Amino acid sequence: MPSSPDVALGPDPLDLEAFRKNGHALIDWIAEYLGDLEKGPVCETVEPGSVRALLPEFAPEQPEPFEAVLADLDRVVVPGLTHWQHPGWFAYFAAGSSPAAILGELAAAGLGVVPMLWSTSPAATEIEAHVLDWLVDLLGVPQDWKTTARGGGVLQSGASLSTHAAMVVAREECRKRSGAGAETMVVYASREAHSSVEKGARVAGFGRIRLLETDEAFAVRPEALSAAIDADRRAGLVPALVCSTVGTTGTNAVDPVRRIGEIARAAGLWHHVDAAYAGSAMICDEFRRHQDGLELVDSYTFNPHKWLATTIGCSVMWVADRRPLIEALTVLPPYLRNAASDSGAVIDYRDWHLSLGRPFRALKLWWVLRCFGAEGLRSMIRSHVTWARWLAERIDHHPRLERIAPTPFALVAFADRRGDQATDALVAKVNSVGRFYLTTSEVHGRRFARIALGNTRTTRAHVDDLWDTIESNA
C-alpha cells in the first residue's frame with residue numbers, strides 16, 4: 001500500500017502548558033472586556049446574517065493556534081453582541097455575573113464532573129445540598145425546605161424548568177388523588193405570570209390553564225381563583241395547580257401568597273411560587289413580607305443568576321416535601337444502580353429534575369456566597385432598590401410621565417401620559433444614545449417602559465445619567 005502523505009499537524013489541543021498560557025490570556029481578555037464595556041454601546045449594530053458571513057464555510061481540518069481563536073472574540077463575537085453586563089443594561093432583568101461566579105464556572109468546567117448521582121461526584125452533590133440549605137436560612141424560607149428536613153433544594157438551569165418540573169409533580173399527585181387524566185386537569189395563574197407557566201402547562205399535558213384577573217397593582221385576585229376553581233369543578237374539570245408570582249416580569253407585581261395558599265390547601269391544589277427575580281431580595285429581612293405564607297407552598301423557585309451576582313444557569317428550586325418530586329421523576333435503569341443509592345442515605349439529583357446529566361452548578365454559587373458574603377449581597381440589592389425608588393420619585397413628579405405600577409423591588413414601570421406612541425418614542429430615544437438599554441411591555445392594553453436594576457456593575461452615577469437622559473427626552 002502507498003504510504004500516507006505527511007500531514008503538518010498544528011498545536012496540540014490537549015497540551016496543558018499551552019492551556020495554562022492560553023488560560024491566562026483569556027482571563028486577561030475577559031477582564032479587559034468587562035473593564036472597557038462602559039466605553040462602548042450596550043447594543044452593537046448588526047444586520048441579520050452579518051456574523052455568519054465572517055465565518056468560513058467549512059470547519060477547519062487542522063488545529064488552529066489559540067491566538068487566532070482568541071482574536072476572533074474581537075473580530076467576530078464582540079461586534080455582534082448585546083452586552084448584558086454593560087452597566088447601562090436596564091432591560092428585561094439582569095444577567096448576574098461577578099469575578100467569583102466566572103471563576104467558579106471555569107473551575108467547574110475544568111473539573112468536568114457530571115453529578116447526576118451522589119456516587120458520580122459526592123462532593124458536588126453534598127456542596128449543592130449544603131449551599132441550598134444555607135440559602136434557606138439566608139432568605140428566611142421555611143426550615144422544612146432544607147435537605148436535612150423533609151424538603152430540599154436543587155439547582156436547575158432556569159426558573160422555567162423549575163416550574164415545568166413542579167407541574168409534572170403536581171400532575172402526578174393530582175392523578176393519584178383523583179384518578180383523573182391530565183387532559184381534564186386545570187392550572188391557574190395570574191394574567192401577569194411568566195410565559196413559562198403556560199408553556200409548562202402544555203409540556204405537562206394539562207388540559208386547561210386559567211389566567212386570572214388582577215387588581216389595580218396587577219396582583220392576582222384571590223376571589224378570581226376561588227370562582228374559577230368552583231366553575232371548573234361544576235364543569236367536570238379537576239383543579240390541579242396554582243402558581244403565585246412574587247415579582248412578575250412586567251411590573252414586579254406580588255401575588256398574595258398566603259391567601260392563595262389557603263385557597264389551594266382547602267381545594268387540594270399544588271401551590272408553586274415563581275420568585276425568579278425578586279426571590280434574591282429575600283436575603284434582606286425587609287422584603288420578606290412580600291412572600292408571607294410560604295408554609296402553605298409546595299414548591300418555589302428563584303434565580304441567583306438574576307440578582308445574586310451568579311452567572312446564568314443557576315436557578316434554585318425548593319420543595320416542601322421531596323417525596324412527591326422523587327416519586328414522579330425517578331426512573332431507574334440497571335446501569336444507574338449503585339450501593340449508595342440503594343442505601344437511601346444519599347441524594348441523587350437526577351431524580352429531582354427532568355434531565356439526567358447536569359453540571360456542577362453549585363460551585364459558582366458557593367464561591368459567590370463566600371466571596372461577597374451575605375452582607376455584600378444585601379448591600380448590592382439594597383442599593384439597587386434605593387436607586388429604583390429614587391427613579392420612581394422622579395417619575396412621580398414629572399409632568400409628562402407616570403408610574404403604572406408600584407415599585408416593591410428594583411423595577412420601575414412607567415409610561416408617557418401622552419400615550420403608547422409617546423412611550424415607545426421615549427424608549428427609542430433613550431436607547432439610541434447607546435449608553436442604556438430599556439425594554440417595553442404591555443399591561444391591560446397599555447404600553448409602558450421598564451427600568452430593571454440588578455446589574456452588578458451598575459452604579460448610582462449610571463442611574464443618575466439614565467434619569468438625565470429620560471428627562472431631557474420626555
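The legends below describe close-up views of a predicted model.

Residues are numbered from 1 along each chain as its sequence is written, and side-chain values use heavy atoms, with hydrogens and water left out. Because the model is predicted, local features are reported only at pLDDT of at least 70 and side-chain atom pairs only at pLDDT 80 or more, whereas totals for chains, interfaces and linings use all residues.

**View 1. Packing of helix α3 on helix α12.**
Helix α3 (residues 99–111) packs against helix α12 (residues 362–396) at an angle of about 145 degrees, the two axes lying 8 Å apart. Helices are DSSP runs of H or I with at least four residues, strands are runs of E with at least two, and both are numbered from the N terminus. Axes are lines fitted to C-alpha atoms, for helices over the stretch in contact, and angles run from 0 to 180 degrees between N-to-C directions. The crossing of α3 with α12 is right-handed, a term used when the near helix is turned clockwise from the far one by less than a right angle. On the α3 side the contact is formed by A100, A101, L103, G104, E105, A107, A108 and L111, and on the α12 side by L363, K364, W367, V368 and C371, contact meaning heavy atoms within 4.5 Å. Sorted by class, the residues of this contact are ten nonpolar, one polar and two charged; here Ala, Val, Leu, Ile, Met, Phe, Trp, Tyr, Cys and Pro count as nonpolar, Asp, Glu, Lys and Arg as charged, and the others, Gly among them, as polar.

**View 2. Helices α12 and α14.**
The axes of α12 and helix α14 (residues 460–473) come within 11 Å and cross at roughly 20 degrees, and the two helices are therefore roughly parallel to each other, the term for angles under 35 degrees. This crossing of α12 and α14 is right-handed. W387, W390, L391, R394 and I395 of α12 meet R460, V463, D464 and W467 of α14, a set with six nonpolar, no polar and three charged residues.

Four strands form an open sheet in the order β8-β9-β11-β10, with antiparallel pairing, where two strands pair if DSSP finds at least two bridges between them. At the edges stand β8 (401–403) and β10 (439–443), each of which pairs on one side only, and neighbouring strands are turned by 40 degrees against each other on average, direction ignored. Strand β9 (residues 411–416) and strand β11 (residues 446–452) are antiparallel and share four bridges, with V412 opposite I451 in β11. Helix α12 lies across β8, β9 and β11 and runs at about 15 degrees to β9. Helix α13 also packs on the sheet, touching β8, β9, β10 and β11, and its direction makes about 30 degrees with that of β11.

Apart from neighbours within four places in sequence, T423 is in contact with A415, D416, R447, F448 and A449. Strands β10 and β11 run antiparallel and are joined by five bridges, E442 having R447 in β11 as its bridge partner. The hairpin of β10 and β11 has two residues between the strands, and H444 takes a positive phi near 50 degrees there.

An open sheet of seven strands has the order β1-β7-β6-β5-β4-β2-β3, and its pairing is mixed. The edges are β1 (152–156) and β3 (208–212), each with a single partner strand, so one side of each is left without a neighbour in the sheet; the twist averages 20 degrees from one strand to the next. Strand β4 (residues 238–245) and strand β5 (residues 270–274) run parallel and are joined by five bridges, with V242 opposite H271 in β5. Helix α5 (residues 159–178) packs on this sheet, touching β1, β2 (185–190), β4, β5, β6 (299–302) and β7 (315–319), and its direction makes about 155 degrees with that of β4.

Methods: Parallel < 35°, antiparallel > 145°, perpendicular 65-115°, else oblique.
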